[in-house]
Amino acid sequence: MTTTRTTIPTEMKVLMNHIYELNKGIRQMVLFTCNKKYGQLAVERLESQGIPYVLQPAGQQNLNVYFGRHECLEAIRLIVTRPLNQLTPEEDFILGAMLGYDICAQCERYCKRKCQNLNLGCWRTTG
């Protein structure tokens with residue numbers, strides 16, 4: 001008997017894990033970045049499960065796929081209107097908080113970015 005093995009790309013395994021976490025309520029929203037060649041597969045997987053999503057190009061080869069709760073995606077459509085590296089410190093902070101990133105790390109990141117934008121040496125760590 002011959003068996004055929006299909007190798008699932010790592011990116012698609014990551015996507016499936018994100019979907020699992022979303023369905024279990026661990027996350028309310030996910031940002032999944034993949035090579036554009038997996039974009040259609042990602043969209044098909046999300047659509048087959050009735051999961052809303054927003055697509056955003058990320059450079060020449062990559063694609064950002066935001067998916068999750070409808071309310072979160074509506075906010076993403078309003079906040080993320082340009083490449084992520086062009087977001088203001090405030091927009092970056094909101095996005096990180098929405099994605100469930102560690103809030104203290106987000107506060108530290110915000111302060112560093114805000115002080116850099118203002119050309120202030122105001123950020124320092126305390127021991």
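Reader: Leaving aside neighbours within four places in sequence, which residues is Phe-67 in contact with?

Author: This is a predicted model, and in it Phe-67 is in contact with Leu-15, His-18, Ile-19, Leu-22, Met-29, Val-30, Phe-32, Leu-46, Ile-51, Pro-52, Tyr-53 and Leu-73.

Reader: Which residues of the largest nonpolar core touch the most other members?

Author: That core has 14 residues, and Leu-15, Ile-19, Phe-32, Leu-46, Ile-51, Val-65 and Phe-67 touch the most other members. Two or more residues come from each of α1, β1, α2 and β3. The most is given by α1, with four residues. There is also a second, separate core of twelve residues, with Met-29, Tyr-66, Leu-73 and Ile-76 among them.

Reader: How should I read a helix such as α2, and which of its residues are buried?

Author: Start with the general idea. An α-helix has 3.6 residues a turn, so residues three or four places apart point the same way. Now the case here. Helix α2 covers residues 39-48, and its buried residues are Gly-39, Ala-42, Val-43 and Leu-46. These residues lie on the same side of α2 because they cover an arc of only 100° around the axis. The face turned away from that buried side carries the exposed residues Gln-40 and Ser-48.

Reader: What do the buried residues of α2 pack against?

Author: They pack against α1 (10-23), β1 (29-35), β2 (53-58) and β3. Just after α2 comes Gly-50, with a positive phi of about 70°.

Reader: Asn-64 is in strand β3. Is Asn-64 buried or exposed?

Author: Buried means under 20% relative accessible area. Asn-64 has 4%, so it counts as buried. Its side chain is joined to that of Thr-33 by a polar contact of 2.6 Å. Not counting residues up to four places away in sequence, Asn-64 touches several others, including Phe-32, Val-54 and Leu-84.

Reader: How many salt bridges does the structure hold?

Author: It holds eight. In one of them, the side chains of Glu-21 and Arg-27 meet at 2.4 Å, N to O. Glu-21 is buried at 18%, while Arg-27 is partly exposed at 25%.

Reader: What does the salt bridge of Asp-92 and Arg-109 tie together?

Author: The side chains of Asp-92 and Arg-109 meet at 2.6 Å, N to O. Asp-92 lies in helix α4 and Arg-109 in helix α5, so the pair ties together parts that are 17 residues apart in sequence. Asp-92 is buried at 10% relative accessibility, and Arg-109 is partly exposed at 42%. Salt bridges that share partners join Asp-92, Arg-109 and Arg-113 into one network.

Methods: Residues numbered from 1 in each chain as written. Predicted model: local features only at pLDDT ≥ 70, side-chain atom pairs only at ≥ 80, totals over all residues. Heavy atoms only, no water. Buried < 20%, exposed > 50% of the residue type's maximum accessible area, 1.4 Å probe, protein only. Polar contact = N/O pair within 3.5 Å; in protein donor to acceptor, adjacent residues only side chain to side chain. Contact = heavy atoms within 4.5 Å. Arc of directions from axis to C-beta. Core = buried A, V, L, I, M, F, W, Y, C linked by side-chain atoms within 4.5 Å. Salt bridge = Lys/Arg side-chain N within 4 Å of Asp/Glu carboxyl O.
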